[in-house]
Amino acid sequence: MFGMGFFELVVIVVVAIIFLGPEKFPQAMLDLARFFRAVKKSLNEAKESLDKEIHMEELKKEALEYQEFFKQQAKPLGDLKQELENIPQMPEVQDLQKSMESIAKSNPLESLNAPKKEEKTEEVEKPKVSLEKTPKSSLDA
């Protein structure tokens with residue numbers, strides 16, 4: 001401990017007993033232990049605070065890296081969005097839309113596919129078939 005051996009510690013304790021006397025020595029040792037405990041606690045708190053600060057800095061740095069990464073990844077998507085917005089303005093698409101509209105207007109099959117308002121579908125009663133009995137055929141009789 002602190003580069004001192006057992007013999008040096010014994011010498012310090014003997015000098016302390018002689019200097020303080022047997023009455024004050026136990027109380028002095030308790031006060032010394034409290035002091036070292038308080039110093040140790042303060043050092044641990046400072047170390048924890050420093051570790052938290054370092055960790056917070058690392059988290060901030062990592063968050064900024066992710067933010068930059070997402071900005072770089074979002075740039076091509078913005079370009080794609082602009083391209084998709086420009087598709088309806090392309091002459092080929094406009095020609096295709098006009099062709100589809102003219103075909104839809106002149107389609108003779110459209111009148112066949114349209115539902116007729118006057119027709120009502122009647123429900124046909126399904127024949128009842130029993131699986132328990134076999135039907136008698138005219139050949140058996």
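How much of the chain over residues 40-67 is helix, how much is strand, and how far apart are the end C-alpha atoms?

**Entry 1: basis.** I worked from a predicted model, in which local features need pLDDT of at least 70, side-chain atom pairs count only at pLDDT 80 or more, and totals for chains, interfaces and linings use all residues. Residues are numbered from 1 along each chain as its sequence is written, and side-chain values use heavy atoms, with hydrogens and water left out.

**Entry 2: residues 40-67.** I found this span to be 100% helix and 0% strand, with its end C-alpha atoms 40 Å apart. Helices are DSSP runs of H or I with at least four residues, strands are runs of E with at least two, and both are numbered from the N terminus. UniProt, in an unreviewed entry, places a "coiled-coil region" at residues 40-67. UniProt positions follow the numbering used here, feature names are shortened, and annotations may be inferred rather than shown by experiment.

Entry 3: The unreviewed UniProt entry places a "transmembrane region" at residues 6-22. I noted that this span is 100% helix and 0% strand, and that its end C-alpha atoms lie 21 Å apart.

**Entry 4: whole protein.** I counted three helices and zero strands, in the order α-α-α along the sequence. Of the 141 residues, 1% count as buried (under 20% relative accessible area; exposed is over 50% and partly exposed is in between, with a 1.4 Å probe and protein chains only). The protein exposes about 14,600 Å², of which carbon and sulfur atoms supply 62%. Accessible areas come from the Shrake-Rupley method with a 1.4 Å probe; for residues, only the protein chains shown count as cover.

**Entry 5: nonpolar surface patch.** I listed Met29, Leu32, Phe35, Phe36, Val39 and Leu43 as a nonpolar patch on the surface, with about 570 Å² of accessible area together. Patch residues have over 30% relative accessible area and no salt bridge; nonpolar side chains (Val, Leu, Ile, Met, Phe, Trp, Tyr) are joined within 5 Å, and like charges within 9 Å. A salt bridge is a side-chain nitrogen of Lys or Arg within 4 Å of a carboxyl oxygen of Asp or Glu. Val39 lies in helix H1 and counts as partly exposed because its relative accessible area is 34%.

Entry 6: I located Pro88 in the loop between helix H1 (6-86) and helix H2 (91-105). Pro88 has 45% relative accessibility and therefore counts as partly exposed. Leaving aside neighbours within four places in sequence, Pro88 is in contact (heavy atoms within 4.5 Å) with Val93 and Gln94. Val93 lies in helix H2 and, at a relative accessible area of 22%, is partly exposed.
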